[in-house]
Amino acid sequence: MAAITQDNHGLRLIMRYVVLTLIAIIFMFPLVFMVMSSFKPDLQLLRDTSSIRAFLPVGDLSFDNYRDASSRVPIGTFVFNSVLVTGVTVLLSLLACSLAAFSFVFLNWKGRDVLLSIILATLIVPFETIAIPLLLLVSQMPWIGLEGFQVGWLNTYRVQIIPWIADGLTIFLFVQYFKDLPRDLIEASRVEGASWLQIYLKVVMPLAGPVIATAAILKFLVMYNQYLWPLIVVQQETYRPVMVGLQYFFQLNTAWGEIMAYLTIITVPVLAFYLVLQRAFIASIASTGVKG
Amino acid sequence: MKLGLTFGAALVASVSWASLAAAQTELSMWYHGAGNEVEANILNGIVADFNASQSDWTVVVESFPQESYNDSVVAAALAGNLPDIIDVDGPVMPNWAWSGYLQPLTIDESIIEGFLPGPKGYWDGQLYSIGLWDAAVALVTRQSTLDALGLRTPTLDQPWTGDEFMAALDAAKASGNYEYPLDLGMAWTGEWYPYAFSPFLQSFGGDIVDRSTYLTAEGALNGDAALAFGEWWQTLFTEGYAPGTSQDPADRDTGFIDGKYAFSWNGNWAALGALNAHDDTLFLPAPDFGNGPKIGAASWQFGVSSASEHPEGASAFIEFALQDKYLAAFSDGIGLIPPTTTSAAMTENYGPDGAMAVFYDLTKAQALVRPVTPGYVVGAKVFEKALADIANGADVADTLDAAVDEINTDIERNGGYGH
C-alpha cells in the first residue's frame, strides 16, 4: 500500500514537472525567438518562421543586426532615457503612493473614504481619454529650475515623470497590504510615543517589502513601455524613450533582424529588474492574491 | 606689440563670427525620416549647404519615426509647439492646411512649373507644400512569366484591359506554378490601401468621394461603378487569385522574388530588390477597367507651419532644396521618382536608359492624386476598412453603403470641410 502511494506521488511529481516545463517552454518561446532572430539576416529570419529553425541558432549567424541597429538608432540614449525616467518615477511613486496609502489606512480624517473611492475610480479611466487634456495642461505648466522660470514642460524628463508618480493602482496595492498589518503594532508604537512619520518609516515600511516589490515591478513595466505619452510630449530625440525608438525600424522595407536585436537589448533592463525583485514579487502575490 | 596686434585681430575676428552667428535666425524643421540613415544624410547635407549658403537663417532638423509622425505633429499643433518647417504626406496636406497647421508656401512657383503633378501640394487654390520626389506603383512581373503564359506585354499606350488582366491571372492560376497569381500587398495596412487600391476603383469609374463637390461619397463609393469594383475586388480573394488580409508579411517582402506569385502590385521603392533578384523583371502599367488606367500619386512634401514667425526663411530653405542636384540625390539614395525631367536625367535609375525610368513615365501618364480634401484622412480609413471587409467576404453593397454613410457623416460634422 505504501509503495503504491509512493508511486502515485512520484508520478504526480513527474506530471507536474512535465506540465510546468511545457508552460515554461511556451513562455520562453517568444524570448528565444527574439534572441535567435537577432543574429539572422532578414531573409533567413523570415523563412525560418515557418519551422522550428526559428528557435534555433542555425544558418548564417552574425552580430550584423546589432551593429546596424546601433547605427540606425541611438540605442544608448534611448535606454538611458527610459531607465532614468522609469527609475525616478518608480522611486517617487513608491514614496508618494505609500504615504497616501498610509494616510488612508492609519489616519482618521474627514472625507478619507470618499477620496479613496475617487482615486480607485480612476482605475477604470483609460489614459487615452485624458491624454489630450493632460497635454494641454503640461504645455502651459510653469517650472522654476536651473535655467530659471519657464512655461511649458514639453521636451523634458519631468514631463515624462511627474504626471505618472501617483496612480490609483499603486495606492490600492499599498492600501490593501497596509490593511492586513496588525493594528496592535501601530497602537503599541503610538503608546511608545512614536510619531506618525516614525511609524511610517520604522514600522510600516520595513514590513512592506513584498508590496514594494510588486508595486515597483508593475510600475516599472508601465513606465518602461510608455509610448503614447512620450510620443506627444517629446519632440526631441535627446529625451525619447525606447518604445518610441522602436518605430525607427518600421520603414518601407522593415528591418526585422534589427528590430529583434533592438528588442533584445532593451529587454535586458526589464529582465534584470525582475530578477532582482522576483522573490519578493512572488511572495507578495502569494500573500495578497494580487495578480501582475 | 606684435602679440597684441595678433590678439586684437583674433578678438575682432571672433567677435565678427559671433555676430554673424547671432544674426542667423534659427528655423526648426521636423522630418518624418528618423531611422532612415540614407534619407537623413541627404537631408542633413541639404541643410548644411543651405546654412552655409547665406547668413540669415540656420535650419535645425528634428527627425521623427514615420509611423508616429502625424500623431506627433497633431499633438504639437494642439500644444502650440509646431516648428517652422514641417513635412507632410501629400494626401494629408489639405487636412493640415484646413486645420490651420500650415500656411501657404511663398516660393517662386515658376521653379515648380516642370514638376510632376503629384509633388505639388495645392489646396483651395494655393500652394501649401512641395515634394522633392514622387512614388508610383506598377504591376511587377517577369518577361519569362509572360512568355511562359503566352501573354502580350502591355504598354503605356496599350495597357491591359480588365478582361486581359483577369485572363492573365487565370493563365497564371491554371499553370499551377504559383501559390497565387497576384500579390496585392494585403499584409500592408494603413495608407497602402487607398494609395494602391483606390486607383482600381477610379479606373472602374468610382472614387472615395465625389470630387465635383467633395461634399458626399454618395454615388462615387456606392454607385454602379463602385459596386462593379467591389464585386471584382471580392472575386480576387474568393476565387483564390490573391492572398487576403491574413497574408504573411514575409511573403509580401519576398514572395514575388521567391516565385510564389506571378504578379505583384508594388511600389518603385521595392523595384531595385526585384531587379537584383531577377534581371528580366518588368514593371507593367496598371490595367484599364474602363475609365482609364490609374495609379496613385503624391508622397511626402515640405510646407511651412502656421506657427512659423519666419515664413520667408522657411520658404527660402524649401526653395533651396528644390535644386535638381538634391532631387537627384534623394532619388539615387532612396529610389524614389525625381519630380522633373532634368533631375531624372541626373539619376542612376530614372535617366533615359535607367532601369526604373518606366516609373517616371507611369507617373506622368497614369497618376491621379488622392481626393484633395481635408476629409480624406477619414475617408481613407473608411475605405481601408471597407476593402478589408469585402476581401474577407462582407456583402459588397452593404459595406459600401455603410462606408458612404460614415464618410458623409464626417463631412457633415465638419461643416463640409470648407468646400
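Residues are numbered from 1 along each chain as its sequence is written, while chains are lettered from A and ligands numbered from 1 in the order in which they are written. Because the model is predicted, local features need pLDDT of at least 70 and side-chain atom pairs count only at pLDDT 80 or more, whereas totals for chains, interfaces and linings use all residues; side-chain values use heavy atoms, with hydrogens and water left out.

## Two domains in chain B

Let us start with chain B. Its domain assignment gives domain 1 (26-134 + 298-369) and domain 2 (137-295 + 375-418); such bounds come from an automatic or database domain assignment. The C-alpha centres of these two domains of chain B lie 27 Å apart. Their contact (heavy atoms within 4.5 Å) takes 24 residues from domain 1 and 23 residues from domain 2.

## The nonpolar cores

In soluble globular proteins, nonpolar side chains tend to be buried together. Here, a nonpolar core is a set of buried Ala, Val, Leu, Ile, Met, Phe, Trp, Tyr and Cys residues joined through side-chain atoms within 4.5 Å. Buried means under 20% relative accessible area, exposed means over 50%, and partly exposed is in between, using a 1.4 Å probe and protein chains only.

Which residues touch the most other members of the largest nonpolar core? They are B:Leu184, B:Phe197, B:Trp233, B:Phe263 and B:Trp265, in a core of 128 residues. H15(B) gives the largest share of this core, nine residues. Helices (H or I, at least four residues) and strands (E, at least two) are DSSP runs, numbered from the N terminus. Domain 1 (26-134 + 298-369) and domain 2 (137-295 + 375-418) of chain B both contribute residues, so this core lies between them.

Take B:Phe263 as an example: not counting residues up to four places away in sequence, B:Phe263 touches residues including B:Leu139, B:Trp160, B:Leu169 and B:Asp183. A second, separate core has 45 residues, among them A:Val73, A:Val105, A:Phe220 and A:Phe249.

## Cavities and a pocket

Grid points are joined across faces, edges and corners, and a volume is the space filled by probe spheres set on the points. For the linings, Ala, Val, Leu, Ile, Met, Phe, Trp, Tyr, Cys and Pro count as nonpolar, Asp, Glu, Lys and Arg as charged, and the others, Gly among them, as polar.

The structure holds three cavities of 30 Å³ or more.

| Space | Volume | Lining residues by class |
|---|---|---|
| Largest cavity | About 60 Å³ | six nonpolar, three polar, no charged |
| Second largest cavity | About 40 Å³ | five nonpolar, three polar, no charged |
| Second largest pocket | About 580 Å³ | 15 nonpolar, three polar, two charged |

The lining of the largest cavity includes B:Ile208, B:Pro371, B:Tyr376 and B:Ile411. Helix H15 (376-391) and helix H16 (396-413) of chain B each supply at least two residues of that lining. Around the second largest cavity we find residues including A:Val85, A:Gln160, A:Met223 and A:Trp229. Helix H4 (75-106) and helix H12 (228-233) of chain A each give two or more residues to this lining.

The second largest pocket has 20 lining residues, of which A:Thr122, A:Trp164, A:Ala166, A:Asp167 and A:Gly168 lie nearest its centre. Helix H6 (127-138), helix H8 (168-179) and H11 of chain A each supply at least two residues of the pocket lining.

## Some single residues

Most residues other than glycine have a negative phi. B:Asp124 has a positive phi of about 55 degrees, although it is not a glycine. B:Asp124 lies in the loop between strand E5 (120-123) and strand E6 (126-130) of chain B. Phi of B:Tyr417, in the segment after H16 of chain B, is also positive, near 55 degrees. Is each one buried or exposed? B:Asp124 is exposed, because its relative accessible area is 59%, whereas B:Tyr417 is buried at 3%.

In chain A, A:Val222 sits in helix H11 (residues 209-224) and counts as partly exposed at 44% relative accessibility. A:Arg112, in helix H5 (residues 112-121), counts as buried at 19%.

Definitions and conventions:
1 Å grid on protein atoms, 1.4 Å probe; cavity = no way out; pocket = protein on both sides within 12 Å on 5 of 7 lines; lining within 4 Å.
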